[in-house]
Amino acid sequence: MKKISNVFWITIAIVLASVVFGVAAPSTFEKVTGNVQSFITSTFGWYYLILVSIIVLFCLFLVFSPVGAITLGKPGEKPDYSTTSWFAMLFSAGMGIGLVFWGAAEPLSHFASDPPLAEAGSDQALKDSLRYTFFHWGIHAWAIYAVVALALAYYKFRKDEPGLISATLVPVLGERARGPLGTAIDVMAVFATVVGVATTLGFGAAQINGGLSYLFGIPINFFVQLIIIIVVTILFTISAMSGLGKGIKILSNANMVLAIALLGLMLVLGPTLFIMNLFTDTLGSYLQNLVDMSFTLAPLNDEHRAWINGWTIFYWAWWISWSPFVGIFIARVSKGRTIREFLIGTLLMPALVSFLWFAVFGASAMDLQLSGAVDLTKNATEEVLFAVFHELPWSSVLSVIAIALVGVFFITSADSATFVLGMQTTYGSLTPPNRVKLVWGFAQSLIAIILLYSGGLQALQNALVIAAFPFSMIMILMMLSLYKSLKKERKEMVKAPRPKRK
């Protein structure tokens, strides 16, 4: 029988307290989370920008450092998966509800509703819209995932440590990482994961509700979203009980087929030439302005600063809160890769796929807005994608595929998260018991329901920023720990006698 750790009981208590608070006083809950979120973004916005930029630089340093040749496993160990399969799994990890939810809505907002710099609807706003979307979903996002995944894979597969966040900090914290301090660290990681995944489930429920509303006139409200979450919870619970080899594998394959089908259809049915021209132009602009965007905080422009808080800081917090979950997933499939190979693949491949996704859906939405045939800005965020489909051939087919894709992403995200949370709360067990996964499945759904009940999408965003803040400090320790261990191993490699040539 797998032993349940104290991390499980402590985090469950925190989750239950949050749920009770949210049910008993939803308006107060929204107000409190809103005030805390506002304090963090206004006071520590500089901290998020600098930290995430340091994470990117740290990853690049390791790519070009001699330690990049170190294997994430025992010396000479080969990868468990072929390069093609590995890239496919990175793509699957990078594709989620968020891309479907924001695929058309974010570029459109930056262009027509809430531009970062230029006048709404202008040519410059159009260029800025996709550039900032690439910025939010590109190398910075994947560097956050990569650092956590790299530390977990290195200590798990090369140093035989348990697959826990606290285990990666032994080089800097010593034995304290195995005691109460380590427990507190794992609690932060688990709670950040619960809130991060619950937020994404909330977005998913809103997106499905938006699609059903656009197609069948079903109202957009909390009650409908509650039913959606209950139905999907039952489905992902059944999948989780069937184990990784069956449920997640089948659903992941379905994800790939649906995502490729939707992307391909949109590329053909949408303004193909405009999409590819804008994609190419924006890719160059993104690379040219990467440093400037990474550190822009607009201290003398309150309006632009509010935009940065609402978009960039929110996204950095979202990726940080998801990093334990995605990091563990990526670490598990990367055994046998060198650090250099791991980082190049993780930073570049999923980012490029995300860029293409946003170019296809974002350019299609902006092209429609420019034509004047329809004003997409009148639609709620969760309805924008379906409003775009409505103006294209095969609109019903596109809408059905999108709803199915969000539903499957919903199930796989929650399913995978129950495994990761179970692993983190049973001392790193690779086969957590079903009862633990079941509890975490319901806990995620409860948090998603409470956040939607107390304040909708804004409450989801507030919770993300709050949960990510303490874990961001743990990420700093993870980088220090990894650097210390790699530096030590590099010295040992230099001292080791080289085999004589015959």
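Q: Which residues make the nonpolar surface patch of about 660 Å²?
A: In this predicted model, the patch is made by F223, I227, I230, V231, I234, L235 and I238.

Q: What makes I238 count as exposed?
A: The cut-off for exposed is over 50% relative accessible area. I238 has 55% relative accessibility, so I238 counts as exposed. You'll find I238 in helix α10, residues 222–242.

Q: How do you know that the span of helix α9 agrees with its 37 residues?
A: Take 1.5 Å a residue, and α9 (residues 180–216) should span 54 Å. The C-alpha atoms at its ends are 53 Å apart, so the two values agree.

Q: What about the phi of W394?
A: W394 isn't a glycine either, yet its phi is positive, about 60 degrees. Look for W394 in the loop between α16 (384–390) and α17 (395–424).

Q: How many aromatic pairs does the structure hold?
A: There are 36 of them.

Q: Why is the pair of Y48 and F469 called tilted?
A: Planes under 30 degrees apart would be stacked and over 60 edge-to-face, with the rest tilted. The planes of Y48 and F469 are at 55 degrees, with ring centres 6.4 Å apart, so this pair is tilted. Y48 lies in helix α2 and F469 in helix α18, so the pair ties together parts that are 421 residues apart in sequence.

Q: How do you know whether Y48 is buried or exposed?
A: Buried means under 20%; Y48 has 0% relative accessibility, so Y48 counts as buried. F469 is buried too, with a relative accessible area of 15%.

Q: What makes the pair of W142 and Y145 edge-to-face?
A: Edge-to-face needs planes over 60 degrees apart. For W142 and Y145 there are 85 degrees between the planes, and 5.1 Å centre to centre. Both are in helix α7, 3 residues apart, so about one helical turn separates them. W142 is buried at 2%, and Y145 counts as buried at 5%.

How values were computed:
Residues numbered from 1 in each chain as written. Predicted model: local features only at pLDDT ≥ 70, side-chain atom pairs only at ≥ 80, totals over all residues. Heavy atoms only, no water. Patch = residues over 30% accessible without salt bridge, like charges linked within 9 Å, V, L, I, M, F, W, Y side chains within 5 Å. Areas by Shrake-Rupley, 256 points an atom, 1.4 Å probe, with all protein chains shown as cover. Salt bridge = Lys/Arg side-chain N within 4 Å of Asp/Glu carboxyl O. Helix = DSSP H or I, 4+ residues; strand = E, 2+ residues; numbered from the N terminus. Buried < 20%, exposed > 50% of the residue type's maximum accessible area, 1.4 Å probe, protein only. Expected span 1.5 Å × (residues − 1). Phe/Tyr/Trp six-rings, centres within 6.5 Å; stacked < 30°, edge-to-face > 60°.
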